Amino acid sequence: MILVIVLALIFDFTNGFHDTANAMATPIATRALKPRTAVALAAVLNLVGAFLSTHVALTISKGLINEDPSGGGVAITPEFVFAAVLAAIIWNVVTWLFGLPSSSSHALFGGLIGSALVGAGFGAISWETLLDKVLLPAIIAPVVAGLTAYLATRLVYWVTRRHDGNPNGRGRFKIAQIFSSSLVALSHGTNDAQKTMGIITLVLISAGAIDRDAGVPFWVVVSCALAIAIGTYSGGWRIIKTLGSGITDVKPAQGFAAETSTAVTILASSHLGFALSTTQVASGSVIGSGLGRRGSKVKWGTAGRIGVGWLLTLPASAAVGAAFAALVLLGELGVIIATIIGALSLGTMFLVAMRNRISADNVMSDVAEAAEAVSLPVQRRRAAAEARRAAAKARRDAQKAKRAEKAAKAKAKQKAAKKKSKQGGKPAGKGADKAKKAAKAAKAEKSDKAVNTEKADKAEKADKPEKSAKSQKGAR
Amino acid sequence: MIDWVAFLTVLGVTIVASLAIVAVVGLGIRLLSIPNQPGRVGEDSDEEDDDVNRNGRPIVATVFAWVAFAAFAAIVLFGIWLIVPAFH
């Protein structure tokens with residue numbers, strides 16, 4: 001039993017690991033948050049979210065499998081839950097290896113179904129609950145999220161559109177994105193951490209450790225919350241890459257629309273007790289928002305790959321779960337063999353993953369350059385504005401200086417002429433002196449002007465990088 | 001028995017709530033971007049340079065932008081309140 005609980009917590013870890021992408025792929029892609037900050041934020045919010053509600057946990061521990069022997073159902077033993085969870089972990093790691101945002105929840109359900117089929121036969125599963133609470137939501141939820149994200153993206157671009165060609169300030173959606181993605185992380189915590197809670201509760205019930213009608217024990221909530229938070233912080237960078245830049249090129253306003261749709265869909269449906277997949281909802285939203293923004297493209301190849309992953313998740317993990325359940329039927333030895341097989345396959349996959357590592361440092365390398373051009377404008381704009389002001393001042397000063405020079409020359413000439421005409425052949429001592437002074441002043445001003453033009457030159461130079469950055473942005 | 005009403009409820013609630021949030025935040029951001037010029041620069045002779053609104057944005061726009069953001073916060077808090085059974 002302890003082994004199963006440990007395994008369930010490991011599953012929770014891979015779940016967090018796998019699903020960081022749901023909340024944080026889009027803000028990372030738009031550079032609203034730095035990768036590490038993003039996963040840390042997601043981890044904290046997952047932790048908080050896990051404490052908020054136990055609604056879904058109860059659905060899982062009570063709905064899917066008839067664990068009530070008196071009601072014609074079959075008692076599920078901890079061994080079968082063990083097989084199920086092991087299968088789910090393995091499927092999670094496989095999909096992570098391919099960078100596929102597949103559903104951790106479906107992996108878990110698949111595993112449970114497979115092992116229950118082998119262990120207890122056809123009657124162990126309430127097929128109606130499966131259809132109503134798992135399969136139909138699996139199809140409907142991404143469509144709902146996608147549709148909502150599509151509409152939201154259209155709306156957001158319509159609201160912020162400017163007809164006079166001035167800057168529309170859509171960059172500010174980066175700040176909004178921090179909130180919307182936090183909401184997704186929170187809803188993920190309320191939804192996915194609870195799936196593990198449900199499993200552990202299921203084990204405790206089946207082992208007779210707690211009463212069947214009891215709620216989720218508090219230590220289960222705490223440990224699940226911690227496991228999912230740690231998993232989230234470790235970050236499934238491969239999946240973040242797929243979701244953030246593989247499907248469509250996400251822009252801040254679009255990301256905000258997608259995240260809002262994701263969060264609302266998850267919250268609304270988990271409030272009604274659907275144990276849906278946050279992953280599928282998030283992917284649906286990203287695709288929908290990609291369709292909603294004019295000029296953006298959805299890479300249907302990647303989307304198709306993800307879709308195939310979804311279709312495979314339930315049957316594949318069910319098959320693995322069934323295989324492990326068959327092993328477990330052999331008794332103690334089978335459990336040991338299953339553990340070894342699981343550990344070996346996980347170790348192999350991690351080794352394979354190491355060869356081609358994707359981490360916080362290179363997760364968005366291909367967009368890093370563009371992002372730099374996007375994130376700097378604030379500083380650059382400020383510098384450029386200052387430079388422009390300096391340049392304008394310099395120009396004004398230069399004009400003043402010119403005028404002064406001209407005036408001084410004219411004055412000197414006039415005075416000299418006057419004196420000449422007044423005093424005849426006498427050298428115009430005073431006048432000449434004055435003229436000299438004026439000329440000196442003009443010279444001084446001229447040198448001032450030189451300094452100022454230098455300033456202006458610098459200002460222009462400062463202007464240039466901004467322009468090149470802009471053109472880069474444009475090119476992309 | 002498949003509960004189609006529940007699915008429809010989810011669809012309706014999701015679309016309405018998401019669009020409300022997005023509209024409110026979009027409006028706020030649009031209001032914040034109201035300045036038509038990249039910022040007026042006071043004349044050299046203008047001693048009261050500070051009075052010139054650096055962004056050229058009317059105070060009304062700023063206020064309503066923040067009203068919009070407050071509405072966003074309210075929707076979010078209401079949503080969280082709704083899903084946490086401990087608050088009921």
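**Burial and helix packing**

Modeller: Leu9(A) is buried, with 21 other C-beta atoms within 10 Å, where a residue counts as buried if 20 or more other C-beta atoms lie within 10 Å of its own, as exposed if 12 or fewer do, and as partly exposed in between, the C-beta atoms being placed from the backbone. This is a predicted model, in which local features need pLDDT of at least 70 and side-chain atom pairs count only at pLDDT 80 or more, while totals for chains, interfaces and linings use all residues. Residues are numbered from 1 along each chain as its sequence is written, and chains are lettered from A and ligands numbered from 1 in the order in which they are written.

Colleague: Where is the place of Leu9(A), and with which residues is Leu9(A) in contact once neighbours within four places in sequence are left aside?

Modeller: Leu9(A) sits in helix α1 of chain A, helices (H or I, at least four residues) and strands (E, at least two) being DSSP runs numbered from the N terminus. With neighbours within four places in sequence left aside, its contacts are Ser223(A) and Ala227(A), a contact being two residues whose C-beta atoms, placed from the backbone, lie within 7 Å. Leu9(A) and Leu226(A), 217 residues apart in sequence, are 9.1 Å apart from C-alpha to C-alpha.

Colleague: Is Ala229(A) buried or exposed?

Modeller: Ala229(A), which lies in helix α8 (residues 218–234) of chain A, is buried, with 26 other C-beta atoms within 10 Å.

Colleague: How are two packed helices described?

Modeller: Two packed helices are described by the angle between their axes and the distance between the axes. Here the axes of α1 (residues 2–29) and α7 (residues 173–206) of chain A come within 9 Å and cross at roughly 165 degrees, axes being lines fitted to C-alpha atoms, for helices over the stretch in contact, with angles that run from 0 to 180 degrees between N-to-C directions. α1(A) and α7(A) are therefore roughly antiparallel to each other, given that angles under 35 degrees count as roughly parallel, over 145 as roughly antiparallel, 65 to 115 as roughly perpendicular and the rest as oblique. The residues that make the contact include Val4(A), Ala8(A) and Phe11(A) of α1(A), together with Ile178(A), Ser181(A) and Val184(A) of α7(A).

Colleague: At what angle do the axes of α1(A) and helix α11 of chain A cross?

Modeller: The axes of α1(A) and α11 (residues 278–292) of chain A cross at roughly 30 degrees and come within 8 Å, which makes α1(A) roughly parallel to α11(A). Asp19(A), Asn22(A) and Thr26(A) of α1(A) make this contact with Thr278(A), Thr279(A), Ala282(A) and Val286(A) of α11(A).

Colleague: How many helices does chain A have, and how many does chain B have?

Modeller: Chain A has 16 helices and zero strands, whereas chain B has two helices and zero strands. Of the 476 residues in chain A, 52% count as buried, and of the 88 residues in chain B, 26% are buried. Among contacts with a separation of 6 or more, residues 24 or more positions apart account for 88% in chain A and for 58% in chain B.
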